Amino acid sequence: MRKRMTSAVWVKGIAEMLAAEGIDARALFAGAGIDFAALDAPGARLPTEKISRLWELAAERSGNPAIGLAHHRVAKPAAFDVVGYTMMSCASLLDGFERLVRYMLILSDALTMILNQERDSYRVTFELFGGDRPVPQSIAPTGRQG
């Protein structure tokens with residue numbers, strides 16, 4: 001099975017969120033086997049399994065099983081790298097979501113997004129792939145996961 005990877009730029013956003021929650025991000029990254037310095041390396045990508053382990057440790061050490069939802073406090077367009085830039089240049093929110101779905105693989109091949117129109121509204125569906133590890137429940141949306 002091919003290993004799925006995620007952009008270090010995206011994972012850096014996770015580190016910032018953990019720090020904003022008062023969690024020692026460097027210690028968590030070390031516990032998950034992730035080199036913290038890799039977050040600043042241009043083009044670096046990290047294995048999905050290590051990111052899943054990071055989320056497990058974050059939920060365990062924070063005592064918050066929904067720690068993955070705390071990201072709203074520090075989410076910035078820069079966390080989406082070039083994909084964020086293309087989204088910000090869109091004329092509408094729908095155009096932005098269409099670009100995110102289209103370019104998501106730049107950020108991670110461990111997440112698939114699907115945008116469906118349902119009558120007069122839209123639904124965004126996520127499918128997470130944990131690789132050799134299950135997707136931690138602290139970040140898994142309801143629905144399918146692989």
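Predicted model: local features only at pLDDT ≥ 70, side-chain atom pairs only at ≥ 80, totals over all residues.
Residues count from 1 along each chain as its sequence is written, and side-chain values use heavy atoms, with hydrogens and water left out. Local features need pLDDT of at least 70 and side-chain atom pairs 80 or more, while totals for chains, interfaces and linings use all residues.

**View 1. The largest nonpolar core has 24 residues.** A nonpolar core here is a set of buried Ala, Val, Leu, Ile, Met, Phe, Trp, Tyr and Cys residues joined through side-chain atoms within 4.5 Å; buried means under 20% relative accessible area, exposed over 50%, partly exposed in between (1.4 Å probe, protein chains only). Leu18, Leu28, Phe29, Leu39, Leu46, Leu54 and Ile67 touch the most other members. Helix 1 (8-20), helix 2 (25-31) and helix 3 (48-62) each give two or more residues; helices are DSSP runs of H or I, at least four residues, numbered from the N terminus.

**View 2. Leu18 and its contacts (heavy atoms within 4.5 Å).** Skipping neighbours within four places in sequence, Leu18 meets Ile23, Ala25, Leu28, Phe29, Leu54, Ala58 and Ile67.

**View 3. Phe29 and Phe36 make an edge-to-face pair.** Ring centres sit 5.2 Å apart with 85° between the planes; pairing needs centres within 6.5 Å, and planes under 30 degrees apart are stacked, over 60 edge-to-face, the rest tilted. Phe29 counts as buried because its relative accessibility is 0%, whereas Phe36, at 22%, is partly exposed.

**View 4. Confidence, as pLDDT (the predictor's per-residue score, 0 to 100).** The chain averages 81. Among its elements, helix 2 has the highest mean (96) and helix 4 (residues 81-88) the lowest (73). Over residues 141-146 pLDDT is below 50.

Technical notes. Phe/Tyr/Trp six-rings, centres within 6.5 Å; stacked < 30°, edge-to-face > 60°.
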